[in-house]
Amino acid sequence: MRKPIPVNEAVTLVMDHSSKLQSEEIRLDDAYGRILAEPIIARHDVPPFDRSPYDGYAIRAIDSIDATEQTPVHFNVIGDIGAGHIGEQAIRAFEAYRIMTGALLPENADAVVMLEDTTEIDEGFSITKSFQPNENISFQGEDAKKGEELIEAGTIIHPGTIALLATFGYGKVRVGRRPKVSIIATGTELLDVEDDLQPGKIRNSNGPMLQGQLERMHIPFQSFGMMEDDLDACTKIVETALNESDIVITTGGVSVGDYDYLPAIYERLGAKVLFDKVMMRPGSVTTVAVVGNKLLFGLSGNPSACFTGFELFTRPALIKMMGGTEPFVPHMKATLAEDFLKANPFTRFVRAIWNMEADGPKVIPAGFNKSNAVSSIARGNCLIVLPKGTEGYRAGTEVDILLLGEEQGVGSFLSEI
Ligand code: AMP
Ligand code: MG
């Protein structure tokens, strides 16, 4: 008899057995989607010099104090400074440089007049209002100060992070190594994607789906294709995969059927099974085992269960191994917009679609929702979490939803499931 454990206990067990891999230095060009193994420290001030935030004129504010509609003040323009250029001279009384956005402020200038606030006259311009010292200046260090820690290690690198790394000249960056992952689909009924259907057979959809789930995490993988339900052959392949990877994901064969060989394979390999029954639907048979510091994810063959098992257990483990400190799928509250009346002996994860409506986020199940469903995985953009209960849930109930496909995770998992 298998002993079911709560979902959050299963997640904790997986996380406790996932350990951070070494770090490696990679080119910034390859850094998108990786996880920082070093904090980003400001190597210099940003901006690195006082500069103009507008296209306009650099002046001495003191020269403008008497400017009014009735008494315009005239300035002589002594040159122009485009971004990337510098003004050669210090400005003197009632002199100005024409200056463009991003250009270094010339000596003695302490204010910038926007072009829109000036009237052109011979040899220069006039203004009809005064400016304060430091008005319209983008100051050295206002964005970041040299030495400041701006982003912590363990953060995922997204396009904004790349911008910051580029700003400081990080041509290379230290990131967590990505786990080596193998995928094996088991089941004598499985056909390849391009095979014609035959009686009793179905196409392997879990393998390609898992590849997609890994791809959206920017994690490369090795696919061992499909295996017939044959204990010896399967054991060999799982063993080979284990030797070549940090994580082996299998689908199918973890249940208690006649041809479900994964439990026997774990035994033959001397793997320690962390759990083989979780209080969840779909995917209650999801099994996770460890050999040394390698993890074996035995996901159910049922497509919805396979999908959910990956998102709940495999994904956070992969992120933790890369050194990520926000490994969990983000969640939020939404209002159930449709009844879901099936009673749940276990926590249920319902493939669903959420939308923002005028009175807040609404969520509806994405259609046919049995564990063997594949259509609802394609339609859904989230998973509704329905705690176990003797009754179903009525429209209008506030529920937790797990947001799928988000790049940025969170630091903790839902605690009550
Ligand atoms: P199992 O977990 O092996 O008992 O399989 C449960 C159900 O999922 C069965 O209906 C299988 O035919 C189906 N199944 C198993 N593997 C896959 C797969 N790779 N792609 C799609 N369906 C699968
Ligand atoms: Mg099977």
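Ligand 1 sits in the largest pocket. A pocket here is an open set of points on a 1 Å grid over the protein atoms alone, where a 1.4 Å probe fits, with protein on both sides within 12 Å along at least five of seven lines. To sit in one, a molecule needs more than half of its atoms within 2 Å of the grid points.

This is a predicted model, where local features need pLDDT of at least 70 and side-chain atom pairs count only at pLDDT 80 or more, while totals for chains, interfaces and linings use all residues. Residues are numbered from 1 along each chain as written, chains are lettered from A and ligands numbered from 1 in written order, and side-chain values use heavy atoms, without hydrogens and water.

Around ligand 1 there are 16 residues, counted when a heavy atom lies within 4 Å. Glu189, Asn204, Ser205, Gly253 and Gly301 are the closest. By class, the shell has three nonpolar, 10 polar and three charged residues; Gly counts as polar, and charged means Asp, Glu, Lys and Arg.

Now the polar contacts, which are pairs of N or O atoms within 3.5 Å. The side chain of Asn204 places an N or O atom 2.9 Å from a nitrogen atom of ligand 1. A polar backbone atom of Gly253 is 2.9 Å from an oxygen atom of the ligand, and a backbone N or O atom of Gly301 also lies 2.9 Å from a ligand oxygen atom. Taken alone, ligand 1 exposes 480 Å², and the protein buries 77% of that, by the Shrake-Rupley method with a 1.4 Å probe.

Next, the aromatic rings. The whole structure has five aromatic pairs, meaning ring centres within 6.5 Å, with planes under 30 degrees apart called stacked, over 60 edge-to-face and the rest tilted. Phe75 and Phe125 have ring centres 5.3 Å apart and planes at 10 degrees, so this pair is stacked. Phe75 is in strand β4 and Phe125 in strand β8, so the pair ties together parts 50 residues apart in sequence. Strands are DSSP runs of E, at least two residues.

Last, the backbone. Most peptide bonds are trans. Val46 and Pro47 are joined by a cis bond, with omega about -10 degrees, and Pro47 is in the loop between β2 and β3.

How values were computed
Polar contact = N/O pair within 3.5 Å; in protein donor to acceptor, adjacent residues only side chain to side chain. 1 Å grid on protein atoms, 1.4 Å probe; cavity = no way out; pocket = protein on both sides within 12 Å on 5 of 7 lines; lining within 4 Å. Phe/Tyr/Trp six-rings, centres within 6.5 Å; stacked < 30°, edge-to-face > 60°. Helix = DSSP H or I, 4+ residues; strand = E, 2+ residues; numbered from the N terminus.
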